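Here is a short report on one chain, meant to be read beside its sequence and coordinates.

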Amino acid sequence: LSCGMARRPAPFLRWFAIAFLLASIVGVPLIFQEEFVAVSDRVLAAADERPLAAATLIVGALTLDVFLPVPNGVTNTLAGAAFGFAVGTLVIWLGLMGGSLAGYAVGRWAARPLAKRFLSAGDLDRAHELAERIGPVALILSRPVPFLCELTAMAGGIAAMAFGRFALVMALANLGVA
C-alpha cells in the first residue's frame, strides 16, 4: 500500500498462527513427557553432587520458557525438591526473572519493529499508554498463567513500557510465584 498504511495479515492466517502456537505449547510437553521426567531425575541426582550446575540448568530452563514450552510447574517443583524452600525460591526467581527480561527484550527490540509494520503509530502510542496505565496489573495477574505470562512480558516490550517499572513489577510478581 503506497499511502503509508500497514497491511494486516488475513484473519485466517492470524487464527491459524494462534491455533498452531497454542497446539505447540500444549503438545510439545506432552510429546516429550518421558524426557522431562528423565531430565528431572538426573537434575535431582546432580543437585547433591553439583548443586551449581543443577541450579544453572533450572534457571536456564525457566529463562528459555519464553521461547520453548518448558513446563514451569514441573521445573519449579523440581527446584524446590532439589534445593529446599529458600534456595529453591531463589533459583526459581532467577529463572523467572531471566524469562521475563528476555521476553521484554524480544518484545522491545524484535517484535516492536515488526509491529510497526502492521500497526499504525497511533496504535503503538495507545498500546504504550495502556501498558503504562494497566500494564503492572496485567503483568501480576498473568504471571502464574502459562503462555500468558510470556506474552504479557513481550507485550510490555512491544508497548515500550518503562523498563524500570517493568522490572520492579516482574521482580515482585516472580517472587510471589517462586
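## A buried serine

Ser100 is buried, at a relative accessible area of 1%. The model is a predicted one. Ser100 sits in helix α4. That 1% puts Ser100 in the buried class, because buried means under 20% relative accessible area.

Which residues is Ser100 in contact with, leaving aside its neighbours within four places in sequence? They are Arg143, Ala153, Phe166, Met170 and Asn174. Phe166, Met170 and Asn174 also belong to the α7 side of the packing between α4 and α7.

## The chain as a whole

The chain holds seven helices and zero strands. Its pattern along the sequence is α-α-α-α-α-α-α. The C-alpha atoms fill a box of roughly 65 × 35 × 20 Å along the principal axes.

Of the 178 residues in the chain, 34% are buried. Take the contacts with a separation of 6 or more: 79% of them join residues 24 or more positions apart.

Helix α4 covers residues 72-118. A straight helix of 47 residues would span 69 Å at 1.5 Å a residue. The end C-alpha atoms of α4 span only 32 Å. Where does α4 bend, and by how much? The bend is at Gly84 and is about 130°.

## α4 against α7

Helix α7 runs over residues 163-177. The axes of α4 and α7 come within 9 Å and cross at roughly 155°. The two helices are therefore roughly antiparallel, since angles over 145 degrees count that way. Their crossing is right-handed.

The α4 side of this packing includes Asn76, Thr89, Trp93, Leu96 and Met97. Ser100, Leu101 and Tyr104 belong to that side too. They meet a set of α7 residues that includes Phe163, Phe166, Ala167 and Met170. Ala171, Asn174, Leu175 and Val177 are also in the α7 set.

## α4 against α2

Helix α2, residues 33-49, packs on α4 at an angle of about 25°. Their axes are 9 Å apart. α2 and α4 are therefore roughly parallel. The cut-off behind this is an angle under 35 degrees. α2 passes α4 in a right-handed crossing.

From α2, the contact uses Ser40, Val43, Leu44 and Ala47. From α4, it uses Val74, Leu78, Ala81, Ala82 and Phe83.

Helix α5 spans residues 121-142. At 1.5 Å a residue, a straight helix of 22 residues would reach 32 Å. The distance between the end C-alpha atoms of α5 is only 26 Å. A kink of about 65° lies at Ile134, shortly before the proline Pro136.

Which residues of α5 are buried? They are Leu124, Ala131, Gly135, Pro136, Leu139 and Ser142. Their cover includes α4, α6 (148-158) and α7.

## α5 against α7

α5 packs on α7 at an angle of about 25°, and the axes are 9 Å apart. That angle makes α5 roughly parallel to α7. α5 passes α7 in a right-handed crossing.

Glu132, Pro136, Leu139 and Ile140 make the contact from α5. Arg165, Phe166, Val169, Met170 and Ala173 make it from α7. Pro136 and Leu139 are among the buried residues of α5. Phe166 and Met170 are also among the contacts of Ser100.

Val66 lies in the loop between α3 (51-64) and α4. Buried or exposed? Val66 counts as buried, at 13% relative accessibility. Setting aside neighbours within four places in sequence, Val66 is in contact with Gly99, Ala102, Gly103, Glu150 and Met154. Val66 and Leu101 are 35 residues apart along the chain, and their C-alpha atoms are separated by 9.5 Å.

Ala10 lies in the segment before α1 (11-31). Ala10 counts as partly exposed, at 37% relative accessibility. Ala10 and Val87 are 77 residues apart in sequence. In space, the two are 48 Å apart, C-alpha to C-alpha.

Methods
Residues are numbered from 1 along each chain as its sequence is written. This is a predicted model: local features need pLDDT of at least 70, side-chain atom pairs count only at pLDDT 80 or more; totals for chains, interfaces and linings use all residues. Side-chain values use heavy atoms; hydrogens and water are left out. Helices (H or I, at least four residues) and strands (E, at least two) are DSSP runs, numbered from the N terminus. The expected span of a helix is 1.5 Å times one less than its number of residues. The bend at a residue is the angle between axes fitted to the seven residues ending there and the seven starting there. Buried means under 20% relative accessible area, exposed over 50%, partly exposed in between (1.4 Å probe, protein chains only). Contact means heavy atoms within 4.5 Å. Axes are lines fitted to C-alpha atoms, for helices over the stretch in contact, and angles run from 0 to 180 degrees between N-to-C directions. Angles under 35 degrees count as roughly parallel, over 145 as roughly antiparallel, 65 to 115 as roughly perpendicular and the rest as oblique. A crossing is left-handed if the near helix is turned anticlockwise from the far one by less than a right angle, and right-handed if clockwise.
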